[in-house]
Amino acid sequence: MKKEAVAEWQLRLYIAGQTPKSITALENIKKYAEEHLKGIYSIEIVDLLKNPQLAEGDQIFAVPTLVRKFPEPIRKIIGDLSNEERVLVGLNIKPLNS
């Protein structure tokens, strides 16, 4: 029986300082990732107040913005990520209980 390799999900969250929306977005994506991608994800936080030049690479026009770098294709979600269903659909994450 062939075992399917599980690729790591690479997520990048763009924020602009420790605003309430940025903090909420980070808490939400951590929660969803632990629930649905436990052990197979990484989240990189990019604070555009400290590194504004990094916004250009992923064409970031609003914050907070979550970018799924891998698996491809790249996907983006803007906002505080409070709607779990929208985030899961946007990232194409299949809920574990389905």
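In this predicted model, Thr65 is placed in strand β3. The residue is buried, and its relative accessible area is 2%. A polar atom of the Thr65 side chain lies 2.4 Å from the backbone oxygen of Ala62. Two strands supply bridge partners for this residue: Thr65 is the partner in β3 of Tyr14, and Ile78 is the partner of Thr65 in β4. When neighbours within four places in sequence are left aside, the contacts of Thr65 are Arg12, Leu13, Tyr14, Ile60, Lys76, Ile77 and Ile78.

The pairings of β3 as a whole are as follows. Strand β3, residues 65-70, is paired in the antiparallel sense with strand β1, residues 9-15, over five bridges. An antiparallel pairing over four bridges also links β3 with strand β4, residues 75-78. In this second pairing, Lys76 of β4 is the bridge partner of Val67.

Helix α3 covers residues 84-91, and its buried residues are Val87, Leu88 and Leu91. These three residues lie on the same side of α3, because they cover an arc of only 95° around the axis. Glu85 and Val89, on the other side of α3, are exposed. The packing partners of the buried α3 residues are β1, α1 (20-36), β3 and β4. At the N-terminal end, α3 is capped by Asn83, which has a side-chain oxygen 3.2 Å from the backbone nitrogen of Glu85. Just after the helix, Asn92 takes a positive phi of about 65°.

The largest nonpolar core consists of 15 residues, and those with the most contacts inside it are Leu13, Ile29, Leu66, Leu81, Val87, Leu91 and Ile93. At least two residues of this core come from each of β1, α1 and α3. Strand β1 gives the largest share, four residues. Ile93 belongs to the group with the most contacts inside the largest core. Apart from neighbours within four places in sequence, Ile93 is in contact with Trp9, His36, Leu37 and Leu88.

The peptide bond from Val63 to Pro64 is cis, with omega near -5°. Pro64 is placed in the loop between α2 (54-57) and β3. A further cis peptide bond runs from Glu72 to Pro73, with omega near 5°. Pro73 belongs to the loop between β3 and β4.

For Leu81, which is not a glycine, phi is about 65°. This residue is found in the loop between β4 and α3. Leu81 counts as buried because its relative accessibility is 3%, below the 20% limit used for buried residues. Asn92 is likewise not a glycine and has a positive phi of about 65°. Asn92 is found in the segment after α3 and is partly exposed, with a relative accessible area of 36%.

Methods. Residues are numbered from 1 along each chain as its sequence is written. This is a predicted model: local features need pLDDT of at least 70, side-chain atom pairs count only at pLDDT 80 or more; totals for chains, interfaces and linings use all residues. Side-chain values use heavy atoms; hydrogens and water are left out. Two strands pair if DSSP finds at least two bridges between them. Buried means under 20% relative accessible area, exposed over 50%, partly exposed in between (1.4 Å probe, protein chains only). A polar contact is a pair of N or O atoms within 3.5 Å; within protein, one must be able to donate a hydrogen and the other to accept it, and residues adjacent in sequence count only if both atoms are side-chain atoms. Contact means heavy atoms within 4.5 Å. The arc is that of the directions from the helix axis to the C-beta atoms. A nonpolar core is a set of buried Ala, Val, Leu, Ile, Met, Phe, Trp, Tyr and Cys residues joined through side-chain atoms within 4.5 Å.
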